[in-house]
Amino acid sequence: MGIDMDKPGSTQLLMGNEAIARGALEAGIGVAAAYPGTPSSEVIGTLAEVARKYGLYVEWSINEKVALEVAAAASLSGVRAITAMKQNGLNVAFDFLANVALTGTNKGLVLMVGDDPGGLSSTNEQDSRHIARILDLPLLEPATFQEAKDMTKWAFQLSEEISNVCILRSVTRISHGRGKVILGDLPSMEKWAYFDTSKSYAGIAGLATRYHKSIHENQGSIADLYGSTPFNSYSGPERPDLLVVTCGSGWLYATEAVKTLSLEQRVGVLKIGTTWPLPTQFLQQHLAGIDRILVVEEVDPFLETNLKEFVVDRMAGHSYRFFGKASGHIPPYGEINVDSAIDALNNIMSIGYRPREEAYEQKCREAAQHVPPRGLQFCAGCPHRATYWAIKDALRMAGGNGVVAGDIGCYTMGIQATGFSQVKTVHAMGSGMGLASGLGKLEQFHFEQPVLAMCGDSTFFHAAIPALLNAVHNEADVVLVIVDNGGTAMTGFQPHPGVDRDAGGEIRPEINIEKLCESLGIAVTVVDPYDIEATRNAFLEVLENRGKARVVMSRRECALIRAGKRLDPIARVRVDGSKCYGDNCGCNRYCTRIFRCPGLIWDRETLTAKIDEAVCSGCGVCVSICPQSAIVGETA
Amino acid sequence: MMSLLGKEPINLIITGVGGQGNILISRLLGQAFIEDGYAITIGETYGATQRGGSVASHVRISSEGMVYSPVTPRGKADVILGLEPSESLRILTAFGHPETFVATNTRPIYPLEVAAGEAEYPTRGTLSDLMTGLSRKTWYIDASAIALALGNALLTNIVMTGALIGTGLLPLKRAKIERLIRESFSDERQVVNLHAFDLGYDAVAG
C-alpha cells in the first residue's frame, strides 16, 4: 500500500509516518532529507519510494544537521521541503535550526520530530517541544492519523506565512500506529528552484538582536494564524465540572478515558493542535468560566506549564486549580496511556472505577509469574555477537581492565548479556569515540587501561569522524572498532555515504572508510568477526601496539540481510551428541548461558545443547566456543 | 456461533515473537475492516529488538468511526490471537478479562533465558490451565505443526489467521480474507497460503 495513490477522497489504512509523508506530497514538496531514527524513519523512507514518480529529490543525509541544511537550501531557493528526525537528532540539528530560525526561510520548510516517550527505541525520552518555545517557532501536534496528514500539509502554508520553520511533533504511538486516512488531492505542478540573490539570510554578529526582536514580535501573528484552525477544538458540556486540556496522543488517551468512565456530561475535552505559541483567543474563550483543569500530554508538562503562565497573563480575575504532572495526577516521566488518564480522572472525580475485579486481578498476577522473560538479544548469526566475543577474550588476555565506550546502533546491546556486558558507556551518536579520545589522554594521571570505542558504519559517518580526527591529532591512545555490517541496520537498512546507493536506489560513489582512515595516517586492521580466533588475535595485537589512535574494521554483512538474500549458510552446524555432556559437563551450559545465540537451545529431554535449525543462520561461529568441541560445523 | 458483532469497540491483540509475522495479520485484518467501513486503529508494540523479542499488534475496531488509543487499556482485550503460547499468556494477564477469547498456537519458542537455565518455561498443561482459567474460551491450535506439514514454519501466521476467522468472533467474511491473501502474495505462493488459511479455519470451525 503506497502513499502515492491518486485517489482523492478514498480511505486508506496508513501508518502515522506514512500519513505525514502523504501530507508532504499533497503540499507539493520537492525535497525531503533525513538521517534515519526511530520513530521518524518512515517519513522520508516512504517519500523515497515515490521520489521518481513525483519528481522529488530525496536523500538519506549524513546526519540530521546536514539533512535540515539540505532541506533549508530548497526552501531558500523556492521549493517546499521536509526533514524528519527523532528527538536525539533534533539536538544534532539544533545549532543550524537556532540560526535559520533567526534568518528565516522562503518556501515552506517543515521539521517533523518523532519523540519517543518511554525511550522505547532511544537512549532518552527528551520532550522536543521545548525547542519550539526556545526558538519562537510554531509547533503542531497531530492527535490522529488523519491529522498527521492534514497538519503536515497545513504546516507548509504556515511556514510560508511567517517565513520560518514549522515544527511538527509526533510520538511513537502516532508515528508507528496505523489508522484510517482520507486522501486529498495531489498537486501536479513543476517546481523551479532559484536562489534570489537580492535577499540574504546571514546571521552575523550585530544582527542577532534585530532578528530576535522580529521573530519574537511574530509570535502574535502566529497565534492569529492559529485563529480558526479545526485542529483546536472543544467537545463536552457547556459548563464542565472539569476541563481536560490535551494535545497529540494525550487527546486519544483522554477522550477514551472520558468515554470509558462515562463522564461525557461532566468533563469537557479541549484539544490543542497548535501548542506553541498558544492560540490566545481560542483559549480565552474556552477557559472562561472553568474552575478545574487537568492537562494530559507526553512527556514533560510543556502545555501544562505554558497554560499556567497563560492564565496569569491573560485570564486576570479567574482562578484555576490545575491537575497534571505537577500535581502528580499524570506521571511526569515515562510513556502515558489511556490508563494514566483513567487513573487521573478516577482520582479527581472520585469514581471508583476498576478495570478488573480484584479476584481476577490476583489470578492474573499469579499467572504472570509463570511467563518467562524474553530479553533483548542479537539475532542468530549477528556479527556483533562475534565481535564482542573476540573483544571479551582479547581484553581478558590484555589484563582485564579495558574500557569499551559504546555508541548508538544494534551494537549498543553490548551493554547487556547478549554482548557479554563489554560496553560501559552509551550516550549520543559518535560519543563513544569522543569519550575514548578523552580517556586516551589520561596517561599523565596514571591511567593505563586499554581504551576501545565502538561505532557502526553509519554512526562513523554521522558523528564519529570529528572525534576520530581529534584523537589522531592529539595522539590519544585508543582503538576505534568499526562494526561494518553494510548499512544503517537498526532503523531498517538505509544507505549512508559508505554505500554505493542512495535513498532512491540510484548508484552513487561510496566513501571507503579504510582509505579515509589511512589518509589520516591511521593503521587499519580489517577482520571478519566470523573468524573468532583471527579477530581475537588482531585485537590483541592492536591493543599491544599502544600510543596512537588505531582502527579495527570488523566487517560482516548483517545476518538479517543475509537471510533476506536467502544466501546459503556458511556452515551446517550440529551438536555431536556423543561429545556434549549437557548438564553433566563442567561448562555449565557455556554455549546457551554465555554465548547466547538464539540458534542454540537446550533440549529439555536429553538435557544437552541442540541447534534450532529454524533459527540457526549457519554462521558457524559457535563451533569454536565449545570447550568439548561438541559443536560441529560442516562447510555447506 | 459466538460473535462480537455490535460491541464497541472490538479489541483484538495479536501477539507472538518478533519474526513470526504478526504485523502481516494486523494489516490484512485492518484492510478488511477498512473496506467494510469500520474505523481501525492499530498499534504495534515492540522493543528495540529486531527479532526474537515479545511483540504485539493491538487492533481496535470501531463501528462508530472512533479513533482509539493505539494501545489497548488494561483489561479490555476481547480477542487474543497468539502465535506463541507464553506470549498469549503474557498478553492475557495484562489485557484480559473473564470474557476474553483466546486462540493460541501451541508450539513454544523458548526465550534465551530458558536455554541459559535462568528461567523456566511453563509446561503445556500449566499454560492451558492458566489460559483456560483466565478466559471465557481458549482454542489451542497446532499451527506450527500445520505450517511445517505444508513445508514452511513461516505459514504459522496465516494458519492462525484462518483459526481466528474460524472462531466466528469477528464480523468479517471468510471470502474477503481469502481475497486479501490472494492480493498479498505472488501467484506461486497464493495456493499454499490459502491452504494454510483453510487448515487453520477448519482446525477451529471444522
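The questions and answers below concern helix packing, a sheet and a chain contact in a predicted model.

Q: Why is helix α5(A) called roughly perpendicular to α9(A)?
A: Helix α5 (residues 87–103) of chain A packs against helix α9 (residues 208–225) of chain A at an angle of about 75°, with the axes 8 Å apart. Angles of 65 to 115 degrees count as roughly perpendicular, and therefore α5(A) is described as roughly perpendicular to α9(A).

Q: Which residues make the contact of α5(A) with α9(A), and how do they divide by class?
A: On the side of α5(A) the contact is made by A101(A), L102(A) and T103(A), while α9(A) contributes A208(A), Y211(A), H212(A) and I215(A). Five of the residues in this contact are nonpolar and two are polar, and no charged residues take part.

Q: What makes β9 and β14 of chain A the edge strands of their sheet?
A: Five strands of chain A form an open sheet with mixed pairing, in the order β9-β11-β10-β13-β14. Strands β9 (233–235) and β14 (321–323) of chain A each pair on one side only, and these are the edge strands. Neighbouring strands of this sheet are turned against each other by 20° on average, direction ignored.

Q: How do you know that β10(A) and β13(A) pair?
A: Two strands pair if at least two bridges are found between them, and strand β10 (residues 242–246) of chain A is joined to strand β13 (residues 292–296) of chain A by four bridges, the two strands running parallel. Within this pair, T246(A) stands opposite V296(A) in β13(A).

Q: What makes β2(B) and β8 of chain A a strand pair?
A: Strand β8 (residues 178–182) of chain A is joined to β2(B) by two bridges, and the strands run antiparallel; the requirement is at least two bridges. I42(B) is the bridge partner of R178(A) in β2(B).

Q: Which element gives the most to the side of chain B that touches chain A?
A: That element is β2(B), with six residues, in a contact where 49 residues of chain B meet 45 residues of chain A. By class, this side of chain B holds 24 nonpolar, 19 polar and six charged residues.

Note on methods: Residues numbered from 1 in each chain as written. Chains lettered and ligands numbered in written order. Predicted model: local features only at pLDDT ≥ 70, side-chain atom pairs only at ≥ 80, totals over all residues. Axes fitted to C-alpha atoms, helices over the stretch in contact; angles between N-to-C directions. Parallel < 35°, antiparallel > 145°, perpendicular 65-115°, else oblique. Contact = placed C-beta atoms within 7 Å. Nonpolar A, V, L, I, M, F, W, Y, C, P; charged D, E, K, R; others polar.
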